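Have the picture open while you read.

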Amino acid sequence: MGAAKNKRMPRAVREQQMLDAAVRTFGQLGYRAASMDEIAELAGVSKPLVYLYLNSKEDLFTACIRREAEALTGAVMAGVRPGLPADRQLWDGLRAFFTHTGRHPDGWSVLHLQARTHGEPFAVEADAMRKELVAFVTRLILVAAREAHSDPSLPEGEVAGLAEALVGAAESLAAWANATPGVSARQAATTMMNFAWAGLGGLMEGRPWSPPVQELPELQESR
């Protein structure tokens with residue numbers, strides 16, 4: 001009865017089961033150590049069927065990266081509601097980010113660790129997701145900052161650097177939070193706001209930090 005039911009399962013559903021098993025296996029064992037036999041057994045299908053649907057271990061890993069990346073970016077963007085104050089939008093986005101990475105630690109391991117350490121094709125897939133998040137945060141900060149002090153000429157490059165730094169810090173904090181028992185998404189998001197908002201808040205109010213006019217000679221940048 002169960003076998004007959006499994007045979008009637010739609011292809012899309014069966015593929016998701018395989019991807020679920022693959023993400024769990026890659027996330028916990030790593031790409032190199034994970035075997036197609038283990039993935040097939042966890043998914044409840046034969047190894048030839050995994051190859052039939054997803055061609056190779058490399059293609060399966062790529063499909064896992066793409067699925068987890070889409071899920072994470074979708075969760076963050078859905079968590080931010082336009083029209084709210086800038087600090088509230090950033091807070092909501094961070095909470096959505098840490099909630100998703102906390103609920104899907106294997107998926108985050110695939111994106112943050114495995115994809116970046118096992119060859120350029122995989123790293124490129126993960127980097128595309130990161131660029132999308134950085135662009136999203138850049139737009140959020142840029143619009144809010146320009147509106148805050150009516151400066152339509154605020155350099156996008158300056159804000160993009162802030163967004164890059166913020167996303168990088170959030171990625172590292174997510175890895176730490178997942179490895180540290182008892183750290184909630186709310187706590188991680190609060191830590192990020194305390195880390196980032198002091199600087200971003202000043203920018204919103206037209207009070208950016210500036211380097212000192214005079215520096216020690218050995219620290220001056222070459223011109």
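Q: What does "buried" mean, in numbers?
A: A residue is buried when its relative accessible area is under 20%; exposed means over 50%, and partly exposed is in between. Keep in mind that this is a predicted model.

Q: Which residues of α3 get the label buried?
A: In α3, the buried ones are Met36, Ile39, Ala40 and Ala43.

Q: What makes us say these sit on the same side of α3?
A: Around the axis they cover an arc of only 95°, so they lie on the same side of α3. There's a handy background rule: an α-helix has 3.6 residues a turn, so residues three or four places apart point the same way.

Q: What do the buried residues of α3 pack against?
A: They pack against α2, α4 and α5. Just after α3 comes Gly44, with a positive phi of about 75°.

Q: Which residues of α4 are buried, and how do you know where they sit around the axis?
A: The buried residues of α4 are Leu49, Val50, Tyr53 and Leu54. Their arc is only 105° around the axis, and that puts them on the same side of α4. Their packing partners are α2, α3 and α5.

Q: Which exposed residues does α4 carry on the face turned away from its buried side?
A: That face has Pro48 and Leu52. Just after α4, Asn55 takes a positive phi of about 70°.

Q: Which residues meet where α3 contacts α4?
A: From α3 there are Met36, Asp37 and Ala40, and they meet Lys47, Val50 and Tyr51 of α4. The residues of this contact split into 4 nonpolar, no polar and 2 charged.

Q: What makes Arg67 and Asp20 a salt bridge?
A: The cut-off is a side-chain nitrogen of Lys or Arg within 4 Å of a carboxyl oxygen of Asp or Glu. For the side chains of Arg67 and Asp20, N to O is 2.8 Å, so the pair passes. This pair links distant parts of the chain: Arg67 is in α5 (residues 57-79) and Asp20 in α2 (residues 11-29), 47 residues apart.

Q: Is Asp20 buried, exposed or partly exposed, and how do you know?
A: Asp20 has 42% relative accessibility, so it counts as partly exposed.

Q: What about Glu68, another salt-bridge partner of Arg67?
A: The closest N and O atoms of Arg67 and Glu68 are 3.1 Å apart, and they form a salt bridge. Glu68 has 7% relative accessibility, so it counts as buried.

Q: How do you know that Arg81 and Asp92 form a salt bridge?
A: Their N to O distance is 3.5 Å, and the cut-off is within 4 Å, so the label holds. Arg81 is in the loop between α5 and α6 (86-103), and Asp92 is in α6, 11 residues apart. Arg81, with a relative accessible area of 45%, is partly exposed, whereas Asp92, at 10%, is buried.

Q: How many salt bridges does this rule give?
A: The count comes to 11. There is also a network of salt bridges, which links Arg116, Arg130, Glu164 and Glu171.

Note on methods: Residues numbered from 1 in each chain as written. Predicted model: local features only at pLDDT ≥ 70, side-chain atom pairs only at ≥ 80, totals over all residues. Heavy atoms only, no water. Contact = heavy atoms within 4.5 Å. Helix = DSSP H or I, 4+ residues; strand = E, 2+ residues; numbered from the N terminus. Nonpolar A, V, L, I, M, F, W, Y, C, P; charged D, E, K, R; others polar. Buried < 20%, exposed > 50% of the residue type's maximum accessible area, 1.4 Å probe, protein only. Arc of directions from axis to C-beta.
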